[in-house]
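Please walk me through this structure. I would like an explanation in plain paragraphs.

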Number of protein chains: 2
Amino acid sequence: MLILHVHVRVRPEFVADFRRATVENAQASVREPGIARFDVVEQQDDATRFVLVEAYRTQQAVAAHKETAHYAKWIETVAPMMAEPRSRAWYTAVCPGPEGW
Amino acid sequence: MLILHVHVRVRPEFVADFRRATVENAQASVREPGIARFDVVEQQDDATRFVLVEAYRTQQAVAAHKETAHYAKWIETVAPMMAEPRSRAWYTAVCPGPEGW
């Protein structure tokens with residue numbers, strides 16, 4: 001299981017719009033067969049900071065996600081909302097095992 | 001749903017020991033009634049870096065976790081393995097809703 005954490009900081013005036021666009025993308029993404037989870041969380045002490053936690057079953061699923069219409073729409077919609085470039089880190093799951101995601 | 005990300009960097013010689021102790025703690029923690037998920041991931045390009053992603057149903061569950069024997073054992077076991085103090089950030093879940101964790 002390949003886990004991607006995407007850290008985003010948005011401009012304060014776009015927090016609600018970013019949340020809406022990102023939920024729409026997450027709900028579509030989690031229906032992709034190769035994606036087990038696509039969670040969106042917002043920092044408690046700074047509502048402009050979000051983390052997307054994406055769990056992919058295979059490397060192929062990572063590539064497939066990039067080809068979807070919802071990903072393209074999300075990228076285009078949120079690009080002007082970002083306060084700084086988003087940062088990404090890739091992880092492998094230590095636990096739970098593949099059945100637990 | 002209250003989400004805690006704990007970022008840990010361990011000394012290289014302790015990576016395997018840290019992984020083992022942390023899996024044991026995660027497997028016990030996820031059986032607590034107030035904990036929905038307790039995931040452990042390891043950074044792909046730096047095996048000394050881990051993130052614990054903990055999903056609590058209530059604030060009470062956060063306090064209850066701190067009182068468990070497995071938490072106390074984990075803290076004591078891994079303290080000497082850390083390369084630097086661990087960092088923590090608290091989030092609220094934007095999506096999925098409480099049923100999705």
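This is a predicted model: local features need pLDDT of at least 70, side-chain atom pairs count only at pLDDT 80 or more; totals for chains, interfaces and linings use all residues.

The crossing of helices α1(A) and α3(A) is left-handed. Two packed helices are described by the angle between their axes and the distance between the axes. Here α1, residues 15–29 of chain A, packs against α3, residues 69–78 of chain A, at an angle of about 170 degrees, and the axes lie 9 Å apart. An angle over 145 degrees counts as roughly antiparallel, and α1(A) and α3(A) are therefore roughly antiparallel to each other.

Which residues make the contact? From α1(A) come Phe18(A), Ala21(A), Thr22(A), Asn25(A), Ala28(A) and Ser29(A), and from α3(A) come His70(A), Tyr71(A), Trp74(A), Thr77(A) and Val78(A). Six of the residues in this contact are nonpolar, five are polar and none is charged.

Next come the two chains. Two copies of a chain are related by a rotation about an axis and a shift along it.

How many residues does each chain bring to the contact? Chain B gives 22 residues and chain A gives 22 residues. On the side of chain B that touches chain A, the elements giving two or more residues are β1 (2–9), α1 (15–29), β2 (35–43), β3 (49–56) and β4 (87–95) of chain B. The most comes from β4(B), with seven residues. By type, this side of chain B has 14 nonpolar, five polar and three charged residues. The copies meet through the same surface, because 100% of the interface residues of chain B are also interface residues in chain A.

Eight strands form a closed barrel with antiparallel pairing, in the order β1(A)-β3(A)-β2(A)-β4(B)-β1(B)-β3(B)-β2(B)-β4(A). On average, neighbouring strands of this sheet are turned by 35 degrees against each other, direction ignored.

One link between the chains is the antiparallel pairing of β4 of chain A with β2(B), over four bridges. There, Tyr91(A) has Gln43(B) as its bridge partner in β2(B). Within chain B, β2(B) and β3(B) run antiparallel and are joined by seven bridges; Val40(B), for instance, has Leu52(B) in β3(B) as its bridge partner. Helix α1(B) packs on the sheet, where it touches β4 of chain A as well as β2 and β3 of chain B. The direction of α1(B) makes about 165 degrees with that of β2(B).

Definitions and conventions:
Residues are numbered from 1 along each chain as its sequence is written. Chains are lettered from A and ligands numbered from 1 in the order in which they are written. Two residues are in contact if their C-beta atoms, placed from the backbone, lie within 7 Å. Ala, Val, Leu, Ile, Met, Phe, Trp, Tyr, Cys and Pro count as nonpolar, Asp, Glu, Lys and Arg as charged, and the others, Gly among them, as polar. Two strands pair if DSSP finds at least two bridges between them. Axes are lines fitted to C-alpha atoms, for helices over the stretch in contact, and angles run from 0 to 180 degrees between N-to-C directions. Angles under 35 degrees count as roughly parallel, over 145 as roughly antiparallel, 65 to 115 as roughly perpendicular and the rest as oblique. A crossing is left-handed if the near helix is turned anticlockwise from the far one by less than a right angle, and right-handed if clockwise.
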